[in-house]
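Here are some notes to read alongside the structure.

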Amino acid sequence: MSSRKKKKAALYEKLRAATNSNAMNKTSIIVDASKYIGELKNKVDRLNKEIGTSSAPQNSLPAVTVENLEKGFLINVFSEKNCPGLLVSILEAFEELGLEVLDARVSCEDNFQLEAIGGDQNQGHDAQVVKQAVLQAIHNWNQGS
């Protein structure tokens with residue numbers, strides 16, 4: 001058997017294994033593979049609908065986490081897309097709450113990522129209040145863009 005025929009036979013055997021095909025001739029193997037690919041595509045579409053990624057615009061909003069620190073908060077905001085103007089909106093929300101930015105790292109190139117340590121000058125806020133203020137700033141920014 002030539003090297004080319006061996007490679008072809010090995011390819012069909014791999015295709016049979018990957019698609020769980022019991023077919024013996026190459027046409028049937030290809031038909032089974034095509035059906036299998038269609039099933040996978042349907043599965044992906046169904047899963048996308050279940051998790052809401054196909055049409056839910058709220059999934060494009062940045063994710064926010066806020067953790068309590070000894071004298072302030074660790075605030076993380078992340079979006080898979082660039083969000084021009086969002087940093088200003090969030091910093092304005094910090095100012096309204098009386099949070100002083102003690103340390104921050106920001107990336108705004110391909111995505112938006114903010115990690116900030118905010119010192120609570122009033123010493124009266126909790127993490128949920130800070131998170132709600134950041135979410136409101138994001139909502140206001142989203143309405144304006």
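The points below go through the sheet, the helix lying across it, the nonpolar core and a pair of helices.

1. A word before you start: what you are looking at is a predicted model. Please keep that in mind for every point below.

2. Begin with the sheet. It is open and has 4 strands, in the order E1-E2-E4-E3, and the pairing is antiparallel. Strand E1 (63–69) and strand E3 (99–107) sit at the edges, each pairing on one side only. Going from one strand to the next, the twist averages 15°. As background, strands in a sheet pair through backbone hydrogen bonds, and they can do this either parallel or antiparallel.

3. Now look at strand E2 (residues 72–79) and strand E4 (residues 112–120). These two run antiparallel and are joined by 8 bridges. If you want a spot to check by eye, find Phe73, which stands opposite Gly118 in E4.

4. What lies across E1, E2 and E3? That is helix H4 (residues 127–144). H4 runs at about 155° to E1. His139 counts as partly exposed because its relative accessible area is 39%, which falls between the 20% cut-off for buried and the 50% cut-off for exposed.

5. Next, the largest nonpolar core, which has 20 residues. Ile75, Val77, Ile90, Val130 and Val134 are the ones with the most contacts inside it. Two or more residues come from each of E1, E2, helix H3 (86–97), E4 and H4. Which element gives the most to this core? It is H4, with 6 residues.

6. Setting aside its neighbours within four places in sequence, Ile90 is in contact with Val77, Phe112, Leu114, Val134 and Ala137.

7. Finally, turn to helix H1 (residues 3–18) and helix H2 (residues 26–51). They pack at an angle of about 40°, and their axes are 9 Å apart. So H1 is oblique to H2. The crossing of H1 and H2 is left-handed. On the H1 side, the contact is made by Lys8, Tyr12, Leu15, Arg16 and Ala18. On the H2 side, look for Lys26, Ile29, Ile30, Ala33 and Tyr36.

Definitions and conventions. Residues are numbered from 1 along each chain as its sequence is written. This is a predicted model: local features need pLDDT of at least 70, side-chain atom pairs count only at pLDDT 80 or more; totals for chains, interfaces and linings use all residues. Side-chain values use heavy atoms; hydrogens and water are left out. Two strands pair if DSSP finds at least two bridges between them. Axes are lines fitted to C-alpha atoms, for helices over the stretch in contact, and angles run from 0 to 180 degrees between N-to-C directions. Contact means heavy atoms within 4.5 Å. Buried means under 20% relative accessible area, exposed over 50%, partly exposed in between (1.4 Å probe, protein chains only). A nonpolar core is a set of buried Ala, Val, Leu, Ile, Met, Phe, Trp, Tyr and Cys residues joined through side-chain atoms within 4.5 Å. Angles under 35 degrees count as roughly parallel, over 145 as roughly antiparallel, 65 to 115 as roughly perpendicular and the rest as oblique. A crossing is left-handed if the near helix is turned anticlockwise from the far one by less than a right angle, and right-handed if clockwise.
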